[in-house]
Amino acid sequence: MSLQIRSLEAYQKAYQESIECPADFWASIAEQFVWRKKWDKVLDYDWLKPTTQWFLGAQLNITENCLDRHLVTRPDQTAIVWEPNDPNEPSQQISYKELHSQVCSFANVLKNNGVQKGDRVCLYMPMVAELAVAVLACARIGAVHSVVFAGFSSSALAVRINDAQCKVLLTADGGFRGHKITPLKDIADEALKTCPSIQKVIVYQRTRQNITWNPSLDVWWHEELQKVNNHCPAEPMDAEDMLFILYTSGSTGKPKGMVHTCGGYMVYTAYSFQNVFQYQEGDMYWCTADIGWITGHSYIVYGPLLSGATTLMFEGVPSYHDFGRFWEICEKHKVNQFYTAPTAIRALAKYPVELVTKYDLSNLKVLGTVGEPINEEAWHWYDQHVGKHRCPIVDTWWQTETGGIMISSLAGITADKPTFATHPLPGIQPVLLDQQGNEITATKAEGILAIKHPWPSLARTIYGDHKRYKDVYFAAYPTYYFPGDGALRDAGGNYRITGRVDDVVIVSGHNLGTAPIENAVNEHEKVVESAVVGFPHEVKGNALYAYVTTYDDVVPSADLTQEIKEIVSKTIGPIAKPDKIQFVKGLPKTRSGKIMRRILRKIAAKDTSNLGDVSTLLNPEVVQDIINHSL
Ligand code: PRX
C-alpha cells in the first residue's frame, strides 16, 4: 500500500482535492485498507452538537491492517526493533509473523482473563515490546486500551482507571529508565486500593524485583501465555467503535479521556506517517516517544505498522549510559527517520558535540520534532550536527485530540522553515481567528489557531463527558475545532505555533494543566491557596512557577518547599514538580476574585516592565511585593 505523495505538485493537487471534496478524497485513501465491510457514507458531522463520524457503516479490525495483511507480503521483515535501556543487553527483532503470533496469543490471554469487546483495559507498562503487543491484542478483540504513562503517580493512575472503569490492568514488576528502576507494581498496588473496577492484574516480569503478590487479582504474564495458543480471529469493529482512550491534561482539574475510533484513526495515522516521514521500503524508523503518549500510539505503533514499516522502540532515556545514546542507537540500527522532541534536542545540545559526531549518522534521511515549539537555536543544532545539513526537518504540530499530524512539511517534498510547522497536510483546513472569532483573511497574520473542517482522526468525545468535549473544543468559536494554541502565518502561508492560549503549560514536551497542580499544592495543610504558571526554561521549554500563600502563623522554609514538591510528585508525578515556589502574602485578584495569572506569568518570566493596568485589581499592593521577592 502506498499512500505517498512524491512531489510538490502532487501535494498541491492532493491538498486541493481534499478541500474541494473531502469525502471523495478520504474515500480514495481508505480504499487501500482491508475492510470487512465498506462504508455506506464517508462523512457525517455537525460541529454545533458536536458530532463527527467517518466511514459510517464500515467494519474493520485495525490489527488485520497492521498485521495479517503483511503476512502475505512481508512475513519475515522486522516489524519492531526493541532496544533495551542497558546497552549491554541484546536488542530484539520481532518479525511481522512473530508479532502477529504474539498479539494473537496475548489476545487469548486477555480473553481468558475475562476481557470482552468494549471492556476497557489499562496499561501501565515500561517501554518493553510487550507493551506494543498488548495494545494490539486489545485492538484484536475489540477491547479499548487506555495506556497510562509509566511516569505517573499512583493517584494519577487511579483517577484514570476509575474514569474509564477499566476491568483489567496490565503492568510490570518494574521498569528500567536510565539508572533508575520504577516500582510499577508497587505504584499500581497503591492505586488499586481505590479502583474497585479492576478484576485482574496481569504482571509482566521485567526487573525481577521483589513485589507484593495479591493472589485474588494478580497473574503472571508469562504463565498466562503458557495456557493459550496463537490463534485469535480479529473481532469485526464498526468504524466508529472505540479503539482507545488516552488521557490528556486540561485546564481544569480532571484529565480528559480522549476517545479515538477505529476507522478514521487508522486511515489518518497511516496516511500522515507515510507522507510526513516519506518512509521507504526497507527503512528503519525511530520515534523516541513513549507509548504512554499519543506520539507513541500513532507513530511508534499504529502508523508504522499499518504501513508495513520497521519501527524501533527504545526502553531507556537519552542520557543513559551517556548523552550520546540516541546517536549510538542511530548508528547501531542504521536509523533512517528519527523523530524526537525539542526538549530532548535542547538537553543533548548542552553536551560536547563529540557525543554526536563520534557516531556514524550517515543513514539518517529525515529528522522530526514534536510536542512544543522548537526554538531557532535547537533547530539549527539539530540540522547541523545530527542532520549534517542534508536531512529535511519535519516540525509536526498536532495533539492527543487530533490523533495524527496536522501541520508539517512532508520530508523533502515540501519546504521546511526553522521554527515553523509550515503547511497543513491534505485534508486539514487551519484558519487564524481574531479575538471575536472572525477568520483573518490576510495571509500574513497572527491569531488563534482553529480548524475548519473534520479530518478522520479527530477524537470523537471525552470519555463519559461529551459536554466538556463541546465546551473545551467547540464552544469558544462555534463551528470550528479549537485546539488551544496561538499561531502566526507568514506571507508564504507557513504556520508557526506560538504556544498555548489556555492554562496548559508544556514542560519538557509534557502537557500539564496548571489547575490540577494547584489542587495538589493546596493539599498541604499549611497552604491557603496557590497559582501555578509556566515560565521560559532553557532546556524544558517551560518550567513551573508556583506562587503560594500560607496560613498566618506559618514560616516559609526550604522544608516546606520540599514538602509541597513531594505532594505534587505523589499526586501527579515527578514531571509536574514546580521548579520555583515563592511564598507570597497574597495573589493578585480581580474584583470578581479571579487570579490574574497574566501578571504572575510576566513576573515569573522576569518581564515586569509592562504589567498593564493593575489598578483594577482587588489588591494591587501585592504585586510589587511579589516582584520584590521573586525568584
Ligand atoms: O501546544 C501544542 C504543542 O503540544 C500540544 C499538544 O500536546 P499533546 O496533546 O500532549 O500532544 C503532543 C504530541 C502531539 C499542542 O496543542 N505542540 C505539539 N506539537 C507542536 C506543538 N507546539 C509547537 N510545535 C509543534 N510541532
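Predicted model: local features only at pLDDT ≥ 70, side-chain atom pairs only at ≥ 80, totals over all residues.

Trainee: Okay, sheet first. In what order do the seven strands of the open sheet come?
Mentor: The order is β5-β4-β17-β16-β18-β19-β20. The pairing is mixed.

Trainee: Which are the edge strands?
Mentor: β5 (92–95) and β20 (393–396). Each of them pairs on one side only.

Trainee: And what does the twist average from one strand to the next?
Mentor: It averages 20 degrees.

Trainee: Which helix packs on the sheet, touching β18, β19 and β20?
Mentor: Helix α14, residues 376–386. Its direction makes about 155 degrees with that of β19.

Trainee: Zoom in on β16 and β17. How many bridges join them?
Mentor: Three bridges, and the two strands run parallel. Take tyrosine 285: its bridge partner in β17 is threonine 311.

Trainee: What holds paired strands together in general?
Mentor: Strands of a sheet pair through backbone hydrogen bonds, either parallel or antiparallel.

Trainee: Helices now. At what angle do α4 and α5 cross?
Mentor: Roughly 65 degrees, and their axes come within 8 Å. α4 covers residues 96–112 and α5 covers residues 129–141. The two helices are therefore roughly perpendicular to each other. The crossing is right-handed.

Trainee: Which residues of α4 and α5 meet?
Mentor: From α4, they include Leu99, Val103, Phe106 and Leu110. From α5, they include Val133, Leu136, Ala137 and Ile141. By class, the contact of α4 with α5 has 12 nonpolar, two polar and two charged residues.

Trainee: What about α3 and α4, at what angle do they cross?
Mentor: Roughly 135 degrees, with axes that come within 9 Å. α3 and α4 are therefore oblique to each other. Their crossing is left-handed. Cys66, Leu67, Asp68, His70 and Leu71 of α3 make the contact with Tyr96, Lys97, Leu99, His100 and Val103 of α4. That contact has six nonpolar, two polar and two charged residues.

Trainee: One more pair. How far apart are the axes of α2 and α9?
Mentor: They are 10 Å apart, and the helices pack at an angle of about 80 degrees. So α2 and α9 are roughly perpendicular to each other. α2 brings Phe25, Trp26, Ile29 and Ala30, while α9 brings Val267, Tyr268 and Tyr271. The contact has seven nonpolar, no polar and no charged residues.

Trainee: Switching topic. How many residues of β6 are buried?
Mentor: Five of its five residues. Arg120, Cys122 and Tyr124 point one way, and Val121 and Leu123 point the other way. Four bridges join β6 to β7, and these strands run parallel. The partner of cysteine 122 in β7 is serine 146.

Trainee: And how many residues of helix α16 are buried?
Mentor: Seven of its nine residues. Among them are Pro516, Ile517 and Val521. The buried residues pack against several elements, including β28, β29 and α17.

Trainee: Last topic, the backbone. Which residues does the cis bond with omega about -5 degrees join?
Mentor: Lysine 49 and proline 50. Proline 50 lies in the loop between β1 and β2. The bond from tyrosine 320 to histidine 321 is cis too, with omega near 5 degrees.

Trainee: What is phi of threonine 422?
Mentor: Near 75 degrees, a positive value in a residue other than glycine. At 1% relative accessibility, threonine 422 counts as buried. Lysine 388 has a positive phi as well, near 50 degrees. At 33% relative accessibility, lysine 388 counts as partly exposed.

Trainee: Why flag those?
Mentor: Because most residues other than glycine have a negative phi, and most peptide bonds are trans.

Definitions and conventions
Residues numbered from 1 in each chain as written. Heavy atoms only, no water. Buried < 20%, exposed > 50% of the residue type's maximum accessible area, 1.4 Å probe, protein only. Contact = heavy atoms within 4.5 Å. Axes fitted to C-alpha atoms, helices over the stretch in contact; angles between N-to-C directions. Parallel < 35°, antiparallel > 145°, perpendicular 65-115°, else oblique. Left-handed = near helix turned anticlockwise from the far one by under 90°. Nonpolar A, V, L, I, M, F, W, Y, C, P; charged D, E, K, R; others polar. Pairing = 2+ DSSP bridges.
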